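Please look through the protein shown below before reading on. The briefing that follows goes through its strands, its loops, its cores and its ring pairs.

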Amino acid sequence: MASIVESATADEAVEGFSSDESNYKLAPRLTISGNTSEIFCVKFSPDGNYVAAGCGDGAIRVFNAQTGALAYNLQGGSNIALPTTSIKFRPVTATTRTKNVILAANATGIVQHWHMTSGKCLHSIEEEDHNQVYALDYNAEGTRFVTAGKDTALRVYDEATKTLLLTMKGGGSFDLTATPGHSNRVFSVKMVPHDENMIISGGWDNTVQFWDCRMGVAVRNIFGPHICGDALDMVGSRIVTGSWRPNHQLEMWEYDTGAKLAEVEAEPTKRKFLIRSAETALSAQ
């Protein structure tokens, strides 16, 4: 049985961090259980009224955040489908014509726009070479979004036209032309809110990469977090990472310097916590 454990919001988490780690622990507010499929990612709606879950059967199930009741079921789900690996609500801005739009990535390599309340798929993009997409994010204005996944590349799209604007990937030859980047699958990506030119990403290679869209390459990195899901977020000038491991699960870093600021251990439990979302929730099995 899969469940969603709702924890403190990112802003509340920042307030809870201190130099004395024992002063702050993670504790659930609400457990939404009984989901029929494994949960790969979770996301709160902008108004906080709903929690959307990307499921192993390909469905996106949206729950009432107050009661835990199922509110919407997008893309019904199938036992032969591949998982929905990342979901984001499109930011609500002055230029947004349609509200309640969810951007979803699937392990098949498909990126889709869904209208939550009507249950309609508005648009689909299939990435080249059937790349498995594990992560995506919007910029603050909702005018661009970025995807990442199995092939270690970051792709930036225009939201209005759904066209590819930029592809960034490390590698190259073994000389001065080689560029830094990820050496393994990318599972989380975040467009930096206070700098439209910067994107951060993390994955299996135990690094958080800092990408400059003007240069088209990664310009620095943090070594340490083992990110296996949507577990990378920013609060002000701080980066929050969630790692798949029995300790050092939730960590906070300074964006400008890359220095580690604090760690928070999950409360002892008989279940292994699989940290999927450092922003607002934990997914556990």
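Is Thr152 buried or exposed? Thr152 is buried, with a relative accessible area of 8%, where buried means under 20% relative accessible area, exposed means over 50%, and partly exposed lies in between (1.4 Å probe, protein chains only). This is a predicted model, in which local features need pLDDT of at least 70 and side-chain atom pairs count only at pLDDT 80 or more, while totals for chains, interfaces and linings use all residues. Residues are numbered from 1 along each chain as its sequence is written, and side-chain values use heavy atoms, with hydrogens and water left out.

**The protein as a whole**

- The protein has 1 helix and 24 strands; helices (H or I, at least four residues) and strands (E, at least two) are DSSP runs, numbered from the N terminus.
- Of the 285 residues in the protein, 54% are buried.
- The accessible surface comes to about 12700 Å², of which carbon and sulfur atoms hold 51%; such areas come from the Shrake-Rupley method with a 1.4 Å probe, and for residues only the protein chains shown count as cover.
- Among the contacts with a separation of 6 or more, 45% are between residues 24 or more positions apart, a contact being heavy atoms within 4.5 Å.

**Strand β20 and its partners**

- Strand β20, which covers residues 238-242, is mostly covered, since 4 of its 5 residues are buried.
- Strand β19 (residues 232-235) pairs with β20 in the antiparallel sense over 4 bridges; two strands count as paired if DSSP finds at least two bridges between them.
- β19 and β20 form a hairpin with 2 residues between them, and Gly236 in the turn has a positive phi of about 65°.
- On its other pairing, β20 is joined by 5 bridges to strand β21 (residues 250-254), and these two strands run antiparallel.

**Two loop residues with positive phi**

- Thr152 lies in the loop between β12 (144-149) and β13 (154-158), and its phi is near 70°, a positive value in a residue other than glycine.
- His248, in the loop between β20 and β21, has a positive phi of about 55° although it is not a glycine.
- Whereas Thr152 is buried at 8%, His248 is partly exposed, with a relative accessible area of 35%.

**Nonpolar cores**

- In soluble globular proteins, nonpolar side chains tend to be buried together.
- A nonpolar core is a set of buried Ala, Val, Leu, Ile, Met, Phe, Trp, Tyr and Cys residues joined through side-chain atoms within 4.5 Å.
- The largest such core has 15 residues, of which Ile200, Val208, Phe210, Ile239 and Tyr255 touch the most other members.
- The elements that give two or more residues to this core are β16 (198-203), β17 (207-212) and β19.
- Leaving aside residues up to four places away in sequence, Ile200 touches several residues, including Val189, Leu232, Met234 and Ile239.
- A second, separate core has 13 residues, among them Ala135, Val156, Met191 and Trp211.

**Aromatic pairs**

- The whole structure holds 6 aromatic pairs; rings of Phe, Tyr and Trp (its six-membered ring) pair if their centres lie within 6.5 Å, and planes under 30 degrees apart count as stacked, over 60 as edge-to-face and the rest as tilted.
- The rings of Tyr134 and Phe187 have centres 4.6 Å apart and planes at 5°, so this pair is stacked.
- This pair links distant parts of the chain, with Tyr134 in strand β11 (residues 133-138) and Phe187 in strand β15 (residues 186-191), 53 residues apart.
- Tyr134 is buried at 7% relative accessibility, and Phe187 is buried with a relative accessible area of 12%.
- Phe210 and Tyr255 form a tilted pair, because their ring centres are 5.5 Å apart and their planes are at 50°.
- Phe210 is in strand β17 and Tyr255 is in the loop between β21 and β22 (260-264), 45 residues apart, and both residues are buried.
- Ring pairs also link Tyr134, Phe187 and Trp204 into a cluster.

**Cysteines**

- With a disulfide taken as a pair of cysteine sulfur atoms within 2.5 Å, the count comes to 0 disulfides.
- Cys41 is in no disulfide, and the nearest cysteine sulfur, that of Cys55, is 7.9 Å away.
- Cys41 is buried at 0% relative accessibility, and Cys55 is buried with a relative accessible area of 0%.
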